[in-house]
Amino acid sequence: MTAPTPPAARAPHVPLRRCVVCRRSAAKAELGRIARTPSGGLALGAADGRGAYVCLGECAAALAADPRPLARALRSTIPAALTEQISRAYGPEQEETT
Ligand SMILES: [Zn+2]
């Protein structure tokens with residue numbers, strides 16, 4: 001039996017989720033959730049259904065350019081309106097208003 005994950009930090013039990021873009025495992029709090037609801041819709045946040053996670057910031061923004069990792073994870077096509085919503089909700093703060 002091998003342990004593929006190095007014991008990086010001995011934290012109290014934190015549920016880890018994996019970002020669909022960079023495949024990094026992170027605590028749920030560091031990730032944004034996108035769910036495909038049982039009715040077939042797509043929703044952000046704590047909705048019912050199959051969930052996928054992305055890192056807040058760059059990974060969320062990257063989905064706007066290439067939503068395929070999310071599409072694969074959710075087995076659904078990702079409309080552009082949703083990636084916009086994701087990038088607004090989870091993407092990097094837009095500080096510069098030029
Ligand atoms: Zn990521």
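Analyst: The buried residues of helix H1 pack against strands S3 and S5 and against helices H2 (68–74) and H3. The model in which this is seen is a predicted one. The buried residues of H1 are Cys-59, Ala-60, Ala-61, Ala-62 and Leu-63. For the protein chain as a whole, 28% of the 98 residues count as buried.

The protein chain contains three helices and five strands. Read from the N terminus, these elements follow the pattern β-β-β-β-β-α-α-α. Of the contacts in the protein chain with a separation of 6 or more, 49% join residues 24 or more positions apart.

The sheet comes next. Three strands make up an open sheet, arranged in the order S4-S3-S5 with antiparallel pairing. Strand S4 (42–44) and strand S5 (50–55) are at the edges and have a single partner strand each, so one side of each lacks a neighbour in the sheet. From one strand to the next, the twist averages 25°. Strand S3, which covers residues 31–36, is joined to S5 by six bridges in the antiparallel sense. Within this pairing, Gly-32 has Val-54 of S5 as its bridge partner. Helix H1, formed by residues 58–65, packs on the sheet and touches both S3 and S5. The direction of H1 makes about 110° with that of S5.

The packing of H1 against H3 can be described in more detail. Two packed helices are described by the angle between their axes and by the distance between those axes. For H1 and helix H3 (residues 80–90), the angle is about 165° and the axes are 8 Å apart. Angles over 145 degrees count as roughly antiparallel, and H1 and H3 are therefore roughly antiparallel to each other. The crossing of H1 past H3 is left-handed. On the H1 side, the contact is made by Ala-60, Ala-61, Leu-63 and Ala-64. On the H3 side, Thr-83, Glu-84, Ile-86, Ser-87 and Tyr-90 take part. An α-helix has 3.6 residues a turn, so residues three or four places apart point the same way.

Arg-75 has a positive phi of about 50° although it is not a glycine. With 9 other C-beta atoms within 10 Å, Arg-75 is exposed. Arg-23 likewise has a positive phi, of about 65°, without being a glycine. Arg-23 lies in the loop between strand S1 (16–18) and S2, and it counts as exposed, having 9 C-beta neighbours inside 10 Å.

Strand S2 (residues 25–27) includes Ala-27. Ala-27 is exposed, with 11 other C-beta atoms within 10 Å. Leaving aside residues up to four places away in sequence, Ala-27 touches Val-14 and Leu-16. Ala-27 and Leu-16 are 11 residues apart along the chain, and their C-alpha atoms are separated by 4.6 Å.

In short, H1 packs on the sheet through S3 and S5, and its buried residues also pack against H2 and H3.

Conventions:
Residues numbered from 1 in each chain as written. Predicted model: local features only at pLDDT ≥ 70, side-chain atom pairs only at ≥ 80, totals over all residues. Pairing = 2+ DSSP bridges. Helix = DSSP H or I, 4+ residues; strand = E, 2+ residues; numbered from the N terminus. Axes fitted to C-alpha atoms, helices over the stretch in contact; angles between N-to-C directions. Contact = placed C-beta atoms within 7 Å. Parallel < 35°, antiparallel > 145°, perpendicular 65-115°, else oblique. Left-handed = near helix turned anticlockwise from the far one by under 90°. Buried ≥ 20, exposed ≤ 12 C-beta atoms within 10 Å, placed from the backbone.
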